[in-house]
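Subject: Structure for your review

Dear colleague,

Please find below the structure I promised to hand over, followed by an account of what was found in it. I would be grateful if you could read the two side by side.

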Amino acid sequence: MRDITPITVARGDGIGPEITDAVLHVMTAAGARLKVEEVPAGEAVYKRGHPGGLDAAGWGSIRRTRVFLKGPITMPQGYGNKSLNVVARTTLGLFANVRPCVSYHPYVRTRHPRMDVVIIRENEEDLYAGIEHRQTDDVIQSVKLISRPGSERIVRYAFDFARSNHRQKVTAFVKDNVMKMTDGLFLKIFYEIAADYPEIKADHMIVDIGAARLADQPERFDVIVTLNLYGDIVSDIAAQLTGSVGLAGSANIGETCAMFEAIHGSAPMIAGQGIANPSGLLMAAVMMLVHIGQGDIAARIHNAWLKTIEDGIHTADIYARGLGRVRAGTGAFAEAVVERLGQTPVTMPPVGYSTMRPAYDGLNRLAPRVRALKELVGVDVFLQWSGGLPDDLAELILPLSTEALTLASISNRSQRVWPDGNADVFCTDHWRCRFLAHGGPVQHGAIVELLGRLAEAGIDFTQTENLCNFDGKAGFSSPGL
């Protein structure tokens, strides 16, 4: 008997239980070799005091099976709770989010009949790290973290995906014209790794024009790799372009664990009505079956699903006169897929998948680390102050400079306001005072001395950021002009 794979399943909230039932029914009928461990997840678990949406038993199951099929979740609003998706991705090391976005012309209405794009999104870093602070009455900050290893892993995964799936091009979406250091690092690594895949075309676009062109001409793209926030936005745009976000599944891949889900939400307004489209979660289950080495079952289900769509058996979200023949509910649609198991589509191309379980070895393929020469050359001190104009703040701060560190500039919301500041800049109560060393690098003690002087003067500093050179190159941005 062939191996049975244990998986963890959470039915979730809203329409989650009914679409999960439909998907499990299809997989069972197709002969999927699974041992299902069900765990509670979502709103009820949050309300029991688990801020990540899963309890200890749920996390234990996932760590044991290493495969998680998750229905959509409702997260209660308010501080303290964290998105289960974000927590699972970071806790389990699910660094790659993969979202195929395919048009099913002429059976599902779309303006882009030739669309076949895969969005590969970095999953652990960027603004989704969720590092936020309220610093003053006026200002809250969110920290954008981009690392070399994190960027290397996702970019290499994208090129490996393109190579193994016979894709021709990988496009990076970045905003390096503004975020020159963070997005600039990602783009630099993108082209470094692209050199290892000479048969695959590599290019990049600024994310705003890239998203616009994706919305207008998606057939220009093949595989898109991008940072976490951009990827979240762009992949939903791409899914909607195919005709409905209800058709798209999503895989979250790590070195040892993986999570599979539909990209849509829990849709509580239609929960229990039996009209939800299970296709997104079913396509996620297909990706899961490929991941665990049951590509034969994945192809059997996917082809039956394509034949169902071809035959005009459509749920309400994609049903349209002239395209759909039967408006089916959740259960009836799943049953139609089961009835077509073993069949293949006639007009749309059939699919096939390997029965070899994919291997992920990104951690073993990171570039060797060469430690840079790091020199401390200054400090940015952020503070809360509402005492007047920038010149007034400079007059207050300048005498507090030390022998090692001198006030060089003051900025407000990234705009330099002293010296020679623009009087038209609107200022809040959040200021950045940049102190630079003179006469060479300084020691940390010089910063401690400076902060002591500021504290004695009653200055309310809220944060500091050390300014360092790496191999003689500034590792910090300049104040805005």
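**Helix α1 and its partners**

Glu18, Ile19, Ala22, His25, Val26 and Ala29 of helix α1 are in contact with Thr330, Ala334, Glu335, Val337 and Val338 of helix α11. Sorted by class, this contact comprises 7 nonpolar, 2 polar and 2 charged residues. Please bear in mind that the model is a predicted one.

Helix α1 covers residues 16-30 and α11 covers residues 330-339; their axes come within 9 Å and cross at roughly 15°. Since angles under 35 degrees count as roughly parallel, α1 and α11 are therefore described as roughly parallel to each other. The crossing of α1 with α11 is right-handed.

Helix α1 also meets helix α10 (residues 295-310), with the two axes coming within 10 Å and crossing at roughly 120°. That angle makes α1 oblique to α10. On the α1 side the contact is made by Val26, Met27 and Ala30, and on the α10 side by Ile297, Arg300 and Ile301. The class count for α1 with α10 is 5 nonpolar, no polar and 1 charged residues. This crossing, too, is right-handed.

How many of the residues of β12 are buried? The count is 5 of the 5, so the strand is largely enclosed by the rest of the structure. In a regular strand the side chains alternate between the two faces of the sheet. In β12, Ala258, Phe260 and Ala262 point one way, Met259 and Glu261 point the other way, and all are buried.

The pairing of β12 is as follows:

- Strand β3 (residues 67-70) pairs with β12 in the parallel sense, over 4 bridges; Phe68 has Met259 in β12 as its bridge partner.
- Strand β11 (residues 249-253) runs antiparallel to β12 and is joined to it by 5 bridges; here Ser250 stands opposite Glu261. A hairpin of 4 residues joins β11 to β12.

Elsewhere in the sheet, strands β4 (residues 96-102) and β5 (residues 116-122) run antiparallel and are joined by 7 bridges. Asn97 has Arg121 in β5 as its bridge partner.

**The six-stranded sheet**

A further open sheet is formed by 6 strands in the order β17-β16-β18-β15-β19-β20, with antiparallel pairing. Its edge strands, β17 (415-418) and β20 (473-474), each pair on one side only. Strand β15 (residues 374-384) is joined to the antiparallel strand β18 (residues 430-437) by 7 bridges, and Asp380 stands opposite Arg434 in β18. Helix α13 (residues 444-456) lies across β15, β16 (405-412), β18 and β19 (460-470), and runs at about 15° to β15.

With kind regards

Conventions. Residues are numbered from 1 along each chain as its sequence is written. This is a predicted model: local features need pLDDT of at least 70, side-chain atom pairs count only at pLDDT 80 or more; totals for chains, interfaces and linings use all residues. Side-chain values use heavy atoms; hydrogens and water are left out. Buried means under 20% relative accessible area, exposed over 50%, partly exposed in between (1.4 Å probe, protein chains only). Helices (H or I, at least four residues) and strands (E, at least two) are DSSP runs, numbered from the N terminus. Two strands pair if DSSP finds at least two bridges between them. Axes are lines fitted to C-alpha atoms, for helices over the stretch in contact, and angles run from 0 to 180 degrees between N-to-C directions. Angles under 35 degrees count as roughly parallel, over 145 as roughly antiparallel, 65 to 115 as roughly perpendicular and the rest as oblique. A crossing is left-handed if the near helix is turned anticlockwise from the far one by less than a right angle, and right-handed if clockwise. Contact means heavy atoms within 4.5 Å. Ala, Val, Leu, Ile, Met, Phe, Trp, Tyr, Cys and Pro count as nonpolar, Asp, Glu, Lys and Arg as charged, and the others, Gly among them, as polar.
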